[in-house]
Amino acid sequence: MKFVNILKILFLGLLIIFFIVFIAQHMYDVNVYFLTYTFKVPLFVLVLSFTFIGFIIPTLIFSFRERNLSSKLSNIFNISKAAFFSKYQKPKTNLDIIKDIKPLYFILANILKQTPNYDTDMYSEFEKAKSLRIENPQEAIRILDNIEEKYPAFQLKRDILFDIKDYQGAYDTQNQVLKLTPRSEKPYQKDILNTIKSLNALNIEDKTKCLDELEDAFGDTKNEITGFLYVSELLAQEKTKDASKTIDSLSQLNLQDKILLVGCSLPERAVYLMSTNIEKSASKDVLSIFFIHIGAPQKIKVLADTSTGNEVVDFLLKAYQDQSQKEGFDIVFKNLKLWKCKDCANTFKNYSPKCSCDSWFSLEPHISL
Ligand SMILES: [Zn+2]
């Protein structure tokens, strides 16, 4: 026999002995009163019955609850399994059994491509705003303004306003987001605010004020878009000294390649960056792509003599000079992608601080077709 089992038997034996001793010592009667009645009950019966009641009541309550919870859990498990294997699932899953777990209900309805059963509440309103954001952004915003859970609603509203290039609206909304942001997320939300502030500054007519705003935003958040907009404005306003100082600090942050690639999406501003010291530290393939975008053939000539190591770039450089390959150049140039989102893996030609998947600052340089 196992040692543990021997211990168990010993323990049980001891328990029984104690139990018998307890009963033997508490056999005497005590009086129990109920209104005008008096009962004589042996003390051990009284103690044991209270102990029993003390056990049985919580046990009943908890086992009842447990049954509820475990049936809920198995519903969730079955439906998420259906969502997981949805490709192979023929019969329609009955989502209604998890309808009281609203967020999950809407997420799974999305995955299983079922139309959620709308009754008006926060989750359905949020879902409705999301589905309306492209075709009717104003209506989507109106719905979001009425949602009680302000933090996610403000963030979605900001993204919608950003997408329709209403930078002033996005900026105001982001200020509201910032008020509700938990401390740990503050720097990230602050970066979004400054980025929108930079883009919004371009709409200011007063040149001095525009530059002030750009400087402010860049001072707080140094990234490829605040950097690009600030430097190009400095150069446009012929503040060359400040510009080259800023470029130096950007090179120290290793942002020169990203800034040139941002410039490819905004060539009319990017031309100012030509012949600045940013060229010295930039990588060769990025520089070539930059020259092609701003149409600076004399610069390309120099670069074309040596390989950049990037197949696409090398092809573009050769084809740009060779008239017979003009068609090939046009096709490759048209399909050229410069950015890849590290969250959704989509590739893009043009830069944006927010990807179409609503991730901020997720685009990384990626020159490819
Ligand atoms: Zn993305």
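**A walk through a predicted model**

Residues are numbered from 1 along each chain as its sequence is written.

Two strands are said to pair if DSSP finds at least two bridges between them. Here, 4 bridges join β3 to the antiparallel β5.

Between β4 and β5 runs a loop, and D358 lies in it. Its phi is near 75 degrees, a positive value in a residue other than glycine. That is worth a second look, because most residues other than glycine have a negative phi. To say how covered a residue is, we count other C-beta atoms within 10 Å of its own, with C-beta atoms placed from the backbone: 20 or more means buried, 12 or fewer means exposed, and anything in between means partly exposed. D358 counts as partly exposed because it has 18 C-beta neighbours inside 10 Å.

Strand β1 (residues 29-34) and β2 run antiparallel and are joined by 6 bridges. Within this pairing, D29 stands opposite P42, and N31 has K40 as its bridge partner. The hairpin has 2 residues between the strands, and L35 takes a positive phi near 50 degrees.

F85 is exposed, because 9 other C-beta atoms lie within 10 Å. Computed along the sequence, F85 and L112 are 27 residues apart, while their C-alpha atoms are 9.7 Å apart in space. Another loop residue, K165, lies between α6 (150-163) and α7 (167-180). K165 has a positive phi near 60 degrees, and with 11 other C-beta atoms within 10 Å it is exposed.

What about the inside? A nonpolar core is a set of buried Ala, Val, Leu, Ile, Met, Phe, Trp, Tyr and Cys residues joined through C-beta atoms within 7 Å. The largest one has 40 residues, of which V231, I259, L260, L261, V286, I289 and F290 touch the most other members. Elements giving two or more residues to this core include α9 (207-220), α11 (240-252), β3 (337-341) and β5 (363-368). Which helix gives the most? It is α10, with 7 residues. Leaving out residues up to four places away in sequence, V231 touches A243, T246, I247 and L273, where touching means that C-beta atoms, placed from the backbone, lie within 7 Å. A second, separate core of 20 residues includes I160, F162, Y171 and I196.

Finally, look at a pair of helices. Two packed helices are described by the angle between their axes and the distance between the axes. For α17 and helix α18 (residues 326-335), the angle is about 145 degrees and the axes are 9 Å apart; the axes are lines fitted to C-alpha atoms over the stretch in contact, and angles run from 0 to 180 degrees between N-to-C directions. The contact is made by V312, F315, L316, A319 and Y320 of α17 with G328, F329, V332 and F333 of α18. These residues divide into 8 nonpolar, 1 polar and no charged. In this scheme, Ala, Val, Leu, Ile, Met, Phe, Trp, Tyr, Cys and Pro count as nonpolar, Asp, Glu, Lys and Arg as charged, and the others, Gly among them, as polar.

Notes:
This is a predicted model: local features need pLDDT of at least 70, side-chain atom pairs count only at pLDDT 80 or more; totals for chains, interfaces and linings use all residues. Two residues are in contact if their C-beta atoms, placed from the backbone, lie within 7 Å.
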